[in-house]
Amino acid sequence: MEKIPKILLESLSNAESVVVLTGAGVSAESGIKTFRDPDGLWAKFNPMELASVNGFMSNPQRVWEWYQFRREVVNNAQPNPGHYAIAEMEKLFPQFTLITQNVDRLHQRAGSKNVLELHGNIIENHCFKCKEPYKKEIDLNSKELPICPLCGAYIRPSVVWFGEMLPEYELSKAYEVSDSCDVFFSVGTSAEVYPAANLPYQAKRNGAFVVEVNPNRTSFSHIADVCLTEPSGVILPILITEYKEYIKGKK
Ligand code: BV8
Ligand code: ZN
């Protein structure tokens, strides 16, 4: 039974370049809380206190423990069918780029190779002051805030906090591919955090066919050409199956 609109299958079958942007929603079915859903992280914690430089400076211990808690959750999580479907997409199109706002590296664990991490990752750490990468193994049971062996400052997770610049290469590459792709997917993101949230609009402006995959409506929904209002872990595997059938039928 067709769940995917023909026009999307047709656009994909003619696409040279396909881009997928993901947010926390793509990891929801892996048991990792999103930020803005009713039971999300921001419902309990204040993002500016915990995911910001000022938050870390005013209470490094609390921020460190919050990331230790989130690392525990990420370590115990598994990629879900949505991550695997996106990894499969990488092989189906001449050019494919995955841009993620997520820091959990589940895309890589599902097999995605070409991943632009706009907001860093929660696995790695570096020195808050001299930026030296911190290579020692982190003991998830320890509340101890590690100290930089070079300069004695605190170690922090290698995520991008609010008020921090995004990594230059990843952001410019993300803009480049969004400006020139044929089909753009915005998957599991509320499209509220900038500059990442600019990308779907960039794609639309460049004339791409834009798809939103989100069970809820977002501020971007009215701009999308197609809205697949189902969980990504459910609808993306269906998209792959129906697309493969569609191109077989076209040959
Ligand atoms: C920057 C990493 C230049 C850390 C994150 C005032 C002061 C300072 C800055 C600003 C300011 N006003 C505006 C800004 C800019 C700010 C910003 O955009 N703020 C917003 C809140 C307005 N941006 C920044 O600060 C960025 N840097 O601009 O630098 C600068 C420098 C100095 C001063 C000004 C500007 C840095 C942004 C990066 C912040 N880091 N995370 C960590 O993870 O701990 S942000 C965080 O939000 C995550 O990265 C997350 O990815 C991102 C976006 O959230 P989403 O992924 O979309 O998740 P969300 O919960 O919102 O939505 C989930 C969606 O999934 C929902 O729609 C839901 O319906 C859907 N869903 C649920 N289940 C499913 C599903 N979808 C599919 N399937 C399902 N099963
Ligand atoms: Zn240091």
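Tutor: Let us begin with the sheet. Three strands form an open sheet in the order β5-β4-β6, with antiparallel pairing. The model is predicted.

Student: Which are the edge strands?

Tutor: They are β5 and β6 (155–159), each of which pairs on one side only.

Student: How do strands pair in general?

Tutor: Strands of a sheet pair through backbone hydrogen bonds, in either a parallel or an antiparallel sense. Here, β4 and β5 are joined in the antiparallel sense over two bridges. N125 has Y134 in β5 as its bridge partner. Helix α5 packs on the sheet and touches β4 and β6. Its direction makes about 140 degrees with that of β4.

Student: Now pockets. How is empty space found?

Tutor: A probe the size of a water molecule is rolled over the atoms, and this shows where empty space is left. In this model, the second largest pocket has a volume of about 300 Å³. Its lining counts 15 residues, with I123, E124, N125, K136 and I138 nearest the centre.

Student: Which element gives the most to that lining?

Tutor: β4 does, with four residues. α5 (60–76), β4 (120–127) and β5 (133–134) each supply at least two. By class, the lining has six charged, five nonpolar and four polar residues.

Student: Last, T97. Is T97 buried or exposed?

Tutor: T97 is buried, because its relative accessible area is 9%, under the 20% cut-off. T97 sits in strand β2 (residues 95–100). Beyond its neighbours within four places in sequence, T97 is in contact with V18, V19, V20, N114, L116 and V177.

Conventions:
Residues numbered from 1 in each chain as written. Chains lettered and ligands numbered in written order. Predicted model: local features only at pLDDT ≥ 70, side-chain atom pairs only at ≥ 80, totals over all residues. Heavy atoms only, no water. 1 Å grid on protein atoms, 1.4 Å probe; cavity = no way out; pocket = protein on both sides within 12 Å on 5 of 7 lines; lining within 4 Å. Points joined across faces, edges and corners; volume = space filled by probe spheres on them. Nonpolar A, V, L, I, M, F, W, Y, C, P; charged D, E, K, R; others polar. Buried < 20%, exposed > 50% of the residue type's maximum accessible area, 1.4 Å probe, protein only. Contact = heavy atoms within 4.5 Å. Pairing = 2+ DSSP bridges. Axes fitted to C-alpha atoms, helices over the stretch in contact; angles between N-to-C directions.
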